[in-house]
Amino acid sequence: MKTAYAPFVDNLNNHPSFDVTESAHLACIRQFVKANSDVFWQRTTAQGHVTGSAFVVNAAGTHTLLLHHAKLNRWVQPGGHLDAADASPAHGALREATEETGILLLSLHSQSLFDVDVHAIPARNKNGMNEAAHLHYDARYLVIADENKVQISDESLGFRWVLLRELAEGANESGLVRMAKKMLLAP
């Protein structure tokens with residue numbers, strides 16, 4: 001993953017913020033990646049780490065796929081931790097989306113960031129090991145699903161395809177609302 005540092009920094013520097021919230025998240029991620037250039041993606045970085053998420057939309061561009069995350073007990077977009085084998089955060093997001101949804105016909109819309117977000121992950125006990133509270137510096141990519149057949153992993157309790165217009169107007173999660181609005185405003 002270390003080879004992905006310079007392109008990822010370029011991606012961060014070229015990403016236009018949608019609103020003041022995303023602008024603050026972007027500044028935070030830039031600072032974190034600069035300060036942790038060799039380990040920004042590693043789970044062992046105590047403060048947190050860059051993660052990759054996929055805002056999965058159907059081929060018609062009308063719906064997005066949300067998963068009911070088992071550990072967080074919230075509806076979220078697919079995504080998660082980056083692996084050393086991932087060529088970039090974008091590829092990590094696509095890999096995570098494929099693993100979590102079982103959809104084989106997924107494709108990155110672009111290598112460019114679609115959205116960024118920073119959110120806290122609470123402390124928890126995982127397999128007898130204590131995991132401290134930390135931050136996820138989430139790099140989010142637009143992913144197109146050319147099929148709607150979903151087979152969720154054991155990380156999720158359920159899934160649903162949500163109409164983008166409904167998500168933009170009624171979700172509690174500001175990052176999901178922001179991404180839905182971006183899709184609706186896209187040319």
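Predicted model: local features only at pLDDT ≥ 70, side-chain atom pairs only at ≥ 80, totals over all residues.
Two packed helices are described by the angle between their axes and the distance between the axes. Here the pair is helix H1, residues 5–14, and helix H2, residues 20–35. Their axes lie 10 Å apart. The packing angle is about 160°. Angles over 145 degrees count as roughly antiparallel, and H1 and H2 are therefore roughly antiparallel to each other. Their crossing is left-handed.

Residues from both helices form the contact. H1 contributes Tyr5, Phe8, Val9, Leu12 and Asn13. These meet Leu26, Ile29, Arg30, Val33 and Lys34 of H2. Sorted by class, the H1–H2 contact holds seven nonpolar residues, one polar residue and two charged residues.

Rolling a probe the size of a water molecule over the atoms shows where empty space is left. The largest pocket holds about 660 Å³ of space. Its lining comprises 33 residues. Nearest the centre of the pocket lie His69, Leu72, Gly79, His81 and His136.

Several elements supply at least two lining residues each. Among them are strand S1 (48–58), strand S3 (74–76) and strand S4 (79–81). S9 gives the largest share, four residues. By class, the lining of the largest pocket has 14 charged, eleven polar and eight nonpolar residues.

Definitions and conventions:
Residues numbered from 1 in each chain as written. Heavy atoms only, no water. Axes fitted to C-alpha atoms, helices over the stretch in contact; angles between N-to-C directions. Parallel < 35°, antiparallel > 145°, perpendicular 65-115°, else oblique. Left-handed = near helix turned anticlockwise from the far one by under 90°. Contact = heavy atoms within 4.5 Å. Nonpolar A, V, L, I, M, F, W, Y, C, P; charged D, E, K, R; others polar. 1 Å grid on protein atoms, 1.4 Å probe; cavity = no way out; pocket = protein on both sides within 12 Å on 5 of 7 lines; lining within 4 Å. Points joined across faces, edges and corners; volume = space filled by probe spheres on them.
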